[in-house]
Amino acid sequence: MLHLNCASGHKSRMTTCFRALCCKGPPPARPEYDLVCIGLTGSGKSSLLSKLCSESPENVVSTTGFSIKAVPFQNAILNVKELGGADNIRKYWSRYYQGSQGVIFVLDSASSEDDLETARNELHSALQHPQLCTLPFLILANHQDKPAARSVQEIKKYFELEPLARGKRWILQPSSLDDMDALKDSFSQLISLLEEKDLEAMRM
């Protein structure tokens with residue numbers, strides 16, 4: 001049996017206790033953010049997003065055009081527009097940037113030198129694009145479970161992130177399908193950056 005710890009005769013305290021138990025109302029709606037997710041074909045964008053949505057890995061197919069997923073978190077919902085990473089699609093990426101509030105860039109940390117160079121050029125282009133340059137970036141060095149994977153420090157140095165992204169909001173994190181806790185933590189950090197940007201906009 002549930003007991004109210006309210007002294008008899010104290011109407012205001014009784015009212016407070018009653019409201020606490022019965023009048024909470026619906027929980028506040030989670031904020032939603034529109035993000036764009038880019039990276040070369042094979043970087044693992046689709047697999048990571050599907051895993052976050054608790055979808056079966058057997059149903060994952062590489063994105064050829066674009067797809068949209070609503071990725072739920074405890075304190076936010078991320079509407080992620082994933083763009084295909086093939087050579088003939090990347091030149092159209094910028095057409096889908098409008099309206100984005102943040103960017104997820106996924107790279108294959110175990111890829112060939114040529115592909116890593118291409119990924120670096122694409123990331124540099126995104127960081128400097130007029131529609132993205134002021135947005136929070138989550139950069140995922142994916143496939144960390146592979147033997148040939150480069151460390152986060154190696155990626156940071158090779159991609160020249162410190163000088164290029166100075167003054168910008170960005171996070172570089174390792175990722176793999178084997179460590180979902182770390183992946184969710186990376187997205188939690190991104191959500192924090194999105195919230196900070198919202199607060200700054202409200203103060204202006």
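The structure is a predicted model, in which local features need pLDDT of at least 70 and side-chain atom pairs count only at pLDDT 80 or more, while totals for chains, interfaces and linings use all residues. Residues are numbered from 1 along each chain as its sequence is written, and side-chain values use heavy atoms, with hydrogens and water left out.

**The overall fold**

Let us start with the whole chain. It has 7 helices and 6 strands; helices (H or I, at least four residues) and strands (E, at least two) are DSSP runs, numbered from the N terminus. Along the sequence, these elements follow the order α-β-α-β-β-α-β-α-β-α-α-β-α. Of the 204 residues in the chain, 41% are buried. Here buried means under 20% relative accessible area, exposed means over 50%, and partly exposed lies in between, with a 1.4 Å probe and protein chains only.

The accessible surface of the chain is about 11800 Å², and carbon and sulfur atoms contribute 51% of that surface. These areas come from the Shrake-Rupley method with a 1.4 Å probe, and for residues, only the protein chains shown count as cover. Among the contacts in the chain with a separation of 6 or more, 71% involve residues 24 or more positions apart. A contact means heavy atoms within 4.5 Å.

**Helix α2 and its cover**

How many of the residues of α2 are buried? The helix is mostly covered, with 6 of its 8 residues buried. Those buried residues are K45, S46, L48, L49, S50 and L52. Their cover includes the strands β1 (32–38), β2 (66–73), β3 (76–83), β4 (102–108) and β5 (137–142), together with the helix α7.

Leaving aside residues up to four places away in sequence, S50 touches E55, V60 and K69. Just after α2, the backbone of S54 takes a positive phi of about 60 degrees.

**Salt bridges**

Side chains of opposite charge can pair when their charged atoms come close. The structure holds 7 salt bridges, each being a side-chain nitrogen of Lys or Arg within 4 Å of a carboxyl oxygen of Asp or Glu. Three of them are set out here.

| Salt bridge | N to O distance |
|---|---|
| R90 and D87 | 3.0 Å |
| R90 and E122 | 2.9 Å |
| R120 and E117 | 3.2 Å |

R90 and D87 both belong to helix α3, 3 residues apart, or about one turn of the helix. E122 is buried, with a relative accessible area of 18%.

Within α4, E117 and R120 are 3 residues apart, again about one turn of the helix. E117 is partly exposed at 27% relative accessible area, and R120 counts as buried at 17%.

**Surface patches**

Patches are made of residues with over 30% relative accessible area and no salt bridge, where like charges are joined within 9 Å and nonpolar side chains (Val, Leu, Ile, Met, Phe, Trp, Tyr) within 5 Å.

On the nonpolar side, F66, I68, Y92 and Y96 make a surface patch of about 390 Å². One of its members, Y92, lies in the loop between α3 (87–90) and β4. With 35% relative accessibility, Y92 counts as partly exposed.

A patch of negative charge is formed on the surface by D145, D178, D179, D181 and D185. For charges, Lys and Arg count as positive and Asp and Glu as negative, while His and the chain ends are not counted; the place of a charge is taken as NZ of Lys, CZ of Arg, CG of Asp or CD of Glu. Is D181 buried or exposed? D181 is exposed, with a relative accessible area of 63%, and its place is in helix α7, which covers residues 180–203.
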